[in-house]
Amino acid sequence: MTAPVTGKDSFKTDLIVYLCILALSGIQVAVAYQNMEGIQMLVRMLAVAFIQAGLGVMYFMHLRDEQPNLRLALIPATIFVILMMNMIWSDSFRLLHMSPVTK
């Protein structure tokens, strides 16, 4: 068993993680102002966003303290939900033109 984290250690860890996420946001702003192709920018932005999301989930949602089995169960479930949410985009484009499938 590990020793419980004290309030001071928790605050220090949270502050470090927050500053890292803030620095990653600055990197995203810098990437946004660079003159590069769209797909290259998209890949870089998604990579930084993935790191930011991982830090937020692991530290602020306390997933790093959970058992590894829970992580293995949550990752596929999250991917499934994201993929199922992707199915509604075609319907939203149909509603944009207020007609059935446009040809």
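A: Gln52 counts as buried because its relative accessibility is 14%, where buried means under 20% relative accessible area with a 1.4 Å probe and protein chains only. The model is predicted, so local features need pLDDT of at least 70 and side-chain atom pairs pLDDT 80 or more, whereas totals for chains, interfaces and linings use all residues. Residues are numbered from 1 along each chain as its sequence is written, and side-chain values use heavy atoms, with hydrogens and water left out.

Gln52 sits in helix α2, a helix being a DSSP run of H or I with at least four residues. From there, the side chain of Gln52 reaches the backbone oxygen of Ile21 at 3.2 Å. Ile21 is also among the residues that Gln52 touches, together with Leu24, Ser25 and Gln28, when residues up to four places away in sequence are not counted; touching here means heavy atoms within 4.5 Å.

Helix α2, which spans 38–60, also supplies at least two residues of the lining of the largest pocket, as does α3 (68–85), and α2 gives the most to that lining, with seven residues. A pocket is an open set of points on a 1 Å grid where a 1.4 Å probe fits, with protein on both sides within 12 Å along at least five of seven lines, and lining residues have an atom within 4 Å of a point. The lining comprises 15 residues, of which Phe50, Ala53, Val57, Ile75 and Thr78 lie nearest the centre of the largest pocket. At least three lining residues come from each of domain 1 (8–65) and domain 2 (67–103), with bounds taken from an automatic or database domain assignment.

Note on methods. Buried < 20%, exposed > 50% of the residue type's maximum accessible area, 1.4 Å probe, protein only. Polar contact = N/O pair within 3.5 Å; in protein donor to acceptor, adjacent residues only side chain to side chain.
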